[in-house]
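This report is intended to be read alongside the sequence and the coordinates.

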Amino acid sequence: MHANILSIVPIILTIGLAIKTRNVIVSLMAGVFSGVLIVVGGNPIAATKSMIGDYFMAQMMDSYNAGIILLLVFIGGFVTLIEKSGGAEAFARSVANFVDTRCKTQIAAWLGGILVFFSELGTPLIVGPIFTPIFRKMRISKEKLAWIIDTTASPVCVLIPFIGWGVYSMGLIQTELDALNITNITDWTAFIKAIPFQIYPILCLIMVPLVAFSKKEFGAMAKAEHNARKGIFSNLEGEDKIESKSMIIDNKVSPLVAIIPLIVLFVTLFAILIPQGFPVKQVPGSDFRIALITGYLFASIVMIGMMVYYKVKSLKEAVSTYLKGYGKLFECIIMLILAWSLSSVGKTLGTSEFIVELANGNIPAWSVPAIIFIIGAIMSFATGTSWGTFAIVMPIAIPMAVALGAPLYVTIAAVLSGGLFGDHCSPVSDTTILAATGSSCGLMEHMWTQLPYALICAGVSFVGFIAAGITDNIIVTAICIVGLFVVYTLVAKLKGEKIENLNISQIEEIDRTESPQQA
């Protein structure tokens, strides 16, 4: 079809509904149906038949897409096992045994969140309940814990290629590369080369130790920290329930329940890929997915055995838990199928060509990453979903970058960074909600205390994407890190308040002389 104004109706409808309803699946479905309706000439019956047969079923039967779906199923099983085994929880608690100052406590929670990298939902549900009593003992606010575990959830996951986030993103990337007949770049290569340009998540991860070591807070976080210093904590409801639930699992298992299966996963992965030349040579995407599936399968088998050995669950219960986990990422799989279908409809309608025609001569190539970052940030904040934003923005961003000559890897990174912002900050994001829940902190208290720190990272990232769009050089990320230090130092100097780094002895002395108040 010749590209015209109708070609952008599906994407506008999808974005509009996503912002209005905050339901990405419904929005994607409506976008796909509207596009097919245009293709078939307005007949709703024919459009429904075509949508199911020519798009949904076609996407599911594609060998690449089928491999992605199968991999997500196995990842879901493994993640469910590691969440239910208590091994990751035991590991995080063992880390907590080494902290004796406020600064060390924050760094320990930060490291624990990074190490529980397998799921953005695992960090708040595992690290949060473990560190809640420790933070309270060290007189650190629940708002600070919520910020730390939120910042080590999605911002970590978006950087890792072999878990659900990376697999999902690479599925979207490969679809666009195939549509553009780009054969010299694989989804793996594109994702890996985009990692150094993922400025926002990198800055977010650096922000935590920067704040912890500087001992400077500002805005609502400063007030929360001062209150915690006095023994005043907000929203204690449900705290004891979360702690006792955590302890029940923790007393049964060893950290090895989580560590050994992860070792098995990596050993299996590299044992299969190294003979094929990895990481020096490019490995076909299908072989890489097979290696990942094999790794997750072996790791799951080992974890089931260890759960039985440590009497966490019986063999029947462990296997049942694993099989139930197969459906854990079902919603994500549906989103992927819909996103693939929307992209396919867009190719038929010529959506990308029309957008490129509008942008050509009007938008300089160097500005594309920064524009994409802002669009993704606004959309993800409004909808509360990163994956939904990726699904909608990626099919626009990659063709635009290729057509206008914008740096491809920088543009991909801008999609991922912009989409991450909302998942990290939005009050309707599941990770934001779970971070507040896992730390026994109020949702809006968490959002308002976290937002100033996130906005600093986003502001520096926006400037960074402008610079990266011009230079296409990873040195920009290093400069942004320096820029983050400079901006934070200036803000802390103008608005910051010093929070004393008490050690355990000082806190115990305060506990003996004061009667902590609880709100």
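The sections below proceed from the whole chain to individual residues.

## Basis of the description

The structure is a predicted model, in which local features need pLDDT of at least 70 and side-chain atom pairs count only at pLDDT 80 or more, while totals for chains, interfaces and linings use all residues. Residues are numbered from 1 along each chain as its sequence is written, and side-chain values use heavy atoms, with hydrogens and water left out.

## Overall composition

The protein contains 26 helices and two strands. Helices (H or I, at least four residues) and strands (E, at least two) are DSSP runs, numbered from the N terminus. Of the 519 residues, 57% are buried. Buried denotes under 20% relative accessible area, exposed over 50%, and partly exposed the range in between, with a 1.4 Å probe and protein chains only.

Contact means heavy atoms within 4.5 Å. Among contacts between residues at least 6 apart in sequence, 82% join residues at least 24 apart.

## The nonpolar core and Tyr 200

A nonpolar core is a set of buried Ala, Val, Leu, Ile, Met, Phe, Trp, Tyr and Cys residues joined through side-chain atoms within 4.5 Å. The largest such core has 159 residues, and the members that touch the most others are Phe 131, Tyr 200, Met 207, Tyr 296, Phe 390 and Ile 412.

When residues up to four places away in sequence are not counted, Tyr 200 touches Phe 373, Ser 417, Leu 420, Phe 421, His 424, Cys 425, Ala 454, Cys 457, Ala 458 and Ser 461.

## Ser 380 in helix α20

Ser 380 belongs to helix α20, which covers residues 368-383. The residue counts as buried because its relative accessible area is 0%. Its side chain reaches the backbone oxygen of Gly 376 at 2.8 Å. A polar contact is a pair of N or O atoms within 3.5 Å; within protein, one must be able to donate a hydrogen and the other to accept it, and residues adjacent in sequence count only if both atoms are side-chain atoms.

Neighbours within four places in sequence aside, Ser 380 is in contact with Thr 385, Thr 389, Gly 418, Gly 419, Phe 421, Gly 422, Asp 423 and Ser 426.

Helix α23 spans residues 430-438, and its buried residues include Thr 431, Thr 432, Leu 434, Ala 435, Ala 436 and Gly 438. Just after α23, Ser 440 has a positive phi of about 60 degrees.

Helix α24 comprises 29 residues (443-471); at 1.5 Å a residue it should span 42 Å, and its end C-alpha atoms are 40 Å apart, which agrees. The expected span is 1.5 Å times one less than the number of residues. A kink of about 40 degrees lies at Leu 451, shortly before the proline Pro 452, where the bend is the angle between axes fitted to the seven residues ending at a residue and the seven starting there. Just after α24, Asp 472 adopts a positive phi of about 55 degrees.

## Positive phi in two loops

Most residues other than glycine have a negative phi. Arg 139, although not a glycine, has a positive phi of about 60 degrees. This residue lies in the loop between α7 (122-137) and α8 (142-151), and its relative accessibility of 2% makes it buried.

Lys 215 likewise is not a glycine and has a positive phi of about 60 degrees. Lys 215 is placed in the loop between α12 (199-214) and β1 (216-217) and is partly exposed, at 23% relative accessible area.

Gly 325 lies in helix α17 (residues 315-325) and is buried, at 1% relative accessibility. With residues up to four places away in sequence not counted, Gly 325 touches Val 73, Gly 76, Gly 77 and Thr 80.

Phe 213, in helix α12, is exposed, at 53% relative accessibility. Leaving aside neighbours within four places in sequence, Phe 213 is in contact with Cys 103 and Ile 107.
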